[in-house]
Amino acid sequence: MLRIGMGYDVHRLAEDRKLIMGGVEIPHEKGLLGHSDADVVVHAIMDALLGAIAAGDIGKHFPDTDEKYKGISSVLLLEHVGYLLEEKKVVINNIDATIIAQCPKMAPYIDTMRENIAKALKITKEQVNIKATTEEGLGFTGREEGIASQAIVLVEQ
Ligand SMILES: Nc1ccn([C@@H]2O[C@H](COP(=O)(O)O)[C@@H](O)[C@H]2O)c(=O)n1
Ligand SMILES: C[C@@]1(CO)OP(=O)(O)OP(=O)(O)OC[C@H]1O
């Protein structure tokens, strides 16, 4: 049976934080605020995968009240989501994600993000697509207050 899932997440930009996207540290004067490393594109992908197997969301599996997730790499959390899929004998067909950010330019880092995500989920880089767009200076992403991400996945059980 084919199943589909979608995910959406937003994190606020703040000073004195690293900007981690798809497991890549991107040089920037601000980073995303969160309990974890706030890797917003990985969060959207995790929510899409959990959605596809009707397993709730990341807040349910990795509560932000739990000290063990403080500062954790979201790629490690993604690996755990991969195990949840394996347990249910679910395989990933493909993942498509969009990063919505006024800056910095994500393009130079997209290939490495795809590799990191594919490795964590034991799939190929060709099964993972990541895109980036600005919102043309409009809204909270346009004002550089935060970065959003959306993801959609297709899986098979
Ligand atoms: N943070 C971003 C935003 C966009 N890109 C790349 O630029 C292209 C044009 O973006 P527009 O929002 O002006 O349409 C987009 O297709 C991406 O390739 C990026 O790398 N990082
Ligand atoms: C990822 C978790 C881990 O504690 O923390 P945050 O980095 O705050 O991210 P959020 O998108 O708010 O989801 C909650 C948590 O699952």
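**A note on the fold and the ligand site**

1. Let's start at one side of the sheet: strand 1 and strand 4 (residues 31-32) run antiparallel and are joined by two bridges. Here leucine 13 has leucine 32 of strand 4 as its bridge partner. Two strands count as paired if DSSP finds at least two bridges between them, and strands themselves are DSSP runs (E, at least two residues), numbered from the N terminus.

2. A word on the source: this is a predicted model, in which local features need pLDDT of at least 70, side-chain atom pairs count only at pLDDT 80 or more, and totals for chains, interfaces and linings use all residues. Residues are numbered from 1 along each chain as its sequence is written, while chains are lettered from A and ligands numbered from 1 in the order in which they are written.

3. Strand 1 (residues 2-14) also pairs with strand 7 (residues 146-156), in the antiparallel sense and over eleven bridges.

4. Put together, the strands form an open sheet of five with the order 4-1-7-5-6 and mixed pairing. Strand 4 and strand 6 (128-133) are its edge strands, each pairing on one side only. As background, strands of a sheet pair through backbone hydrogen bonds, either parallel or antiparallel.

5. Helix 4 (residues 110-121) lies across strand 5 (91-100) and strand 6, and runs at about 145° to strand 6. The angle, on a scale from 0 to 180 degrees, is between N-to-C directions of axes fitted to C-alpha atoms, for helices over the stretch in contact; contact means C-beta atoms, placed from the backbone, within 7 Å.

6. For the whole protein chain, there are five helices (DSSP H or I, at least four residues) and seven strands. Their order from the N terminus is β-β-β-β-α-α-α-β-α-β-α-β. Among contacts between residues at least 6 apart in sequence, 74% join residues at least 24 apart.

7. How much of the chain is buried? Buried residues (20 or more other C-beta atoms within 10 Å of their own, placed from the backbone) make up 41% of the 157 residues. The C-alpha trace spans about 45 × 35 × 25 Å along its principal axes.

8. Finally, which residues surround ligand 1? They are Ala101, Cys103, Lys105, Met106, Ala107, Ala132, Thr133 and Thr134, where a residue is near the molecule if its C-beta atom, placed from the backbone, lies within 6 Å of it.

Note on methods:
A residue is buried if 20 or more other C-beta atoms lie within 10 Å of its own, exposed if 12 or fewer, and partly exposed in between; C-beta atoms are placed from the backbone. Two residues are in contact if their C-beta atoms, placed from the backbone, lie within 7 Å.
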